[in-house]
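Subject: Structure for your review

Dear colleague,

Please find the structure below, together with its sequence.

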Amino acid sequence: MDNIYFIMIIALAVLAIADLVVGVSNDAVNFLNSAIGSKAISFRTIMIVASLGIGFGAIFSSGMMEVARKGIFNPGEFYFNEIMFIFMAVMITDILLLDFFNTLGMPTSTTVSIVFELLGAAVAMALIKIGADNGNFSDVVNYINTSKATEIIFGILLSVVVAFSIGALVQWVSRLLLSYHFERKANWVGALFGGVALSAITYFILMKGIKGTAFAGENFELIGNGTIKDFLETQWVGIAAANFVIWSILSYILMTFAKVNIYKLIIGMGTFALALAFAGNDLVNFVGVPIAAWQSYEAWIASGIPATEFSMGILAAKVPTPTLLLFIAGIVMVVTLWFSSKAKAVVKTSLDLSSQEATKERFQPNFLSRGLVRSAIAVSEVTMALIPKSVQNGIEKQFEKPTIALTKNKVHELPAFDMVRAAVNLMVAGILISIATSYKLPLSTTYVTFMVAMGTSLADRAWGAESAVYRVAGVLNVIGGWFGTAIIAFIAAGTILAIISFGQGAAIAILLFVAVLLLSRNYISHKKKAKETKAEDTLNKAESSSIQGVIEESASNIANVLKRTNKIYTNSINGLAVQDSSLLKKNKKQGAKLSDEIDDLRDNIFYFIKNLDENSVGASNFYITILGHLTDIAQSLEYIGKVSHKHVNNNHKKLKYNQIKELKQIDQKLDEVLNLTQTAFDERSFEQIGLVLSKKQELFDMVQEKIQTQVARTRTEESSPKNTTLYFSLLLETKDLTTAIMNLLEQYYNEHDDSVAPATIDAPEGE
């Protein structure tokens, strides 16, 4: 039986490495968001700076490890075997929960997950012990460190409101002072801002760095017998003031004489500081439990007492964490940061919600987001009515965004937000985490950084009339996911603990096997999805500023749409022929996806027109008309896919043999036309379009003939109203689809011929 605990230690070590990987994938958003979003420094530089921060933070994180040992439960109330069961349940739950959220691309809190997993497993173990001893279930409070657990949970929840409010306030004041044209401000203004931001970040680095080392416990003569740690906490006003003066002077010198962009320096230092905080604060979430388990195992082996009788009160004492283990953990985190594709997906969610520019909104508005937006608008109107008009005009001037210049710069290459907002994000997050650290609270860095970013977005008017309901809905979804994490973590850890407690070794083996299967499946699924996304045909926004360039670029989109049209239409007919509901369901999704992509192109029309050369405005007529035809094609395909799946999914009668045969004849003819057209666009051999157009009437006549045949069939032999409805729907929509395709080809063919003559480049459509 003793060997099982050694095997559990090995399993926990493996789980710790896996947890580090999924944990970094989840938490990379905390320190990469601002630097990547502002594009102030290159991605490679961002990664190097963040890697250094993680490395230092991992080595300095020893002090926070106590949370896993005694922060949530009273270890003296449990025996060694029970503690090992708790730790095993927590690690299995944690890795599965974090991987699930990473796969969804949603940022969640590793701190919240570990806290509630420890709480859930400890409560479950306590209830089992109480039940075995025929005790009173109210005694469960004796097993839980209720005061510390309540303090941690309250601190985490409070951080949501505080981080959002402080982020919004600081950003509003910063924008009011600096405006969007901050580069034009006098050097002394930038130097003062740099002094505030850099002094806050420096103090943050000191708090998170030095405090985690043995050096922090040494005596400091300036405060008598106090330690350096005490000095940092008690003399923070003097330290901050001295930092402000030094950094303000240094910022002015760098800006005036070395022409250094102080905002880039702030973003670089802030990224390092948050990466250091992430490793120092959150490393406990990934390896704190396995390290506590290893130290428990060592103490038990040395005692010689049976596992069921050895009390774990030793965990209540301060036990230093081996620096080598922290160093290894840091290496795993840095490697994961560089190679995790899931980390990029989580970062994208945060950037989309805080972007200053128009983005594809991931979240749909709901009644709550609409209500909050309406309430905010009402409060804003009342507030503005109380403020003098002159003051309003002054404020509005500071919040005027730079106009979109008619240059070659592409809209999608613009940063999500400017360097002022990025600097505020890093500065405010650093200050809040520093305060939490001084009170020994394992604050959720995810909650703080995300909510600060959302608060600054709101203050910066990134949530405008066209995006507010979507962005608010997104924030509510993420926050809802956070609370969901807490509830799921508590219940899941308690359930797994119960299974382990009753099943012992066999249960642990089965649970580990299931965990490996689920992780492997999620990994393979994510890789497959990423590969499909990369290889998948997607539509590209037009970026050329001349009509000839638009013709060339849109050719790729047209070839893409025609290829997917052929596949979707054929799959609809084949799915109906064999009553394959799963194929039709997948096919319906492909039609909806194509429609969404074309909608994205339509949403980009504003920026496309803004980017046109003065002499090529005629290109807009062509591009808008092309998008109209593509929309008609997508709508027809979406309808065909929907009615086909609905018919089979509702278990209606199968189409008759002759009906399937006729549909396949149309499909074969359409396949011939689409393949020929796709080749013409792929090879840019636009003369072949004329050959395709010559087949237009032949295709129309075939569809019309099938309609007449079905009319006759309905009058004489057809007995199923559902079949008749479906068949006519397919034929009529095929006719509309063919019309849209031919109109597209005619438009393109005519415009391509006209574009050869320079004099007619800007000619209106049809001339």
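Predicted model: local features only at pLDDT ≥ 70, side-chain atom pairs only at ≥ 80, totals over all residues.

I begin with helix H9, which covers residues 236-257. At 1.5 Å a residue, its 22 residues should span 32 Å, and the end C-alpha atoms are 31 Å apart, which agrees. Which residues of H9 are buried? They are Ile239, Asn243, Trp247, Ser248, Ser251 and Met255. Seen down the axis of H9, these buried residues fall within an arc of 155 degrees, so they line one face of the helix. The spacing along the sequence can be understood from a general rule: an α-helix has 3.6 residues a turn, so residues three or four places apart point the same way. On the other side of H9, Ile246, Ile249 and Phe257 are exposed. After H9 comes Lys259, which has a positive phi, near 55 degrees.

Arg684 follows H22, and its phi is positive, near 55 degrees.

I turn next to a pair of helices. Helix H2 (residues 43-59) and helix H11 (residues 323-339) have axes that come within 8 Å and cross at roughly 160 degrees. Angles over 145 degrees count as roughly antiparallel, so H2 is roughly antiparallel to H11. The crossing of H2 and H11 is right-handed. On the H2 side, the residues making the contact include Met47, Ser51, Ile54 and Ala58; on the H11 side, they include Leu326, Gly330, Met333 and Leu337.

Two individual residues complete these notes. Gln171 lies in helix H6, residues 146-178. Is Gln171 buried or exposed? Its relative accessibility is 0%, so Gln171 counts as buried. Leaving aside residues up to four places away in sequence, Gln171 touches Val420, Arg421, Val424, Thr456, Ala459 and Asp460.

Lys653 is found in the loop between helix H21 (618-649) and H22. Lys653 has a relative accessibility of 53% and therefore counts as exposed. Lys653 and Asn723 are 70 residues apart along the chain, and their C-alpha atoms are separated by 6.9 Å.

Yours sincerely,

A colleague

Notes:
Residues numbered from 1 in each chain as written. Heavy atoms only, no water. Helix = DSSP H or I, 4+ residues; strand = E, 2+ residues; numbered from the N terminus. Expected span 1.5 Å × (residues − 1). Buried < 20%, exposed > 50% of the residue type's maximum accessible area, 1.4 Å probe, protein only. Arc of directions from axis to C-beta. Axes fitted to C-alpha atoms, helices over the stretch in contact; angles between N-to-C directions. Parallel < 35°, antiparallel > 145°, perpendicular 65-115°, else oblique. Left-handed = near helix turned anticlockwise from the far one by under 90°. Contact = heavy atoms within 4.5 Å.
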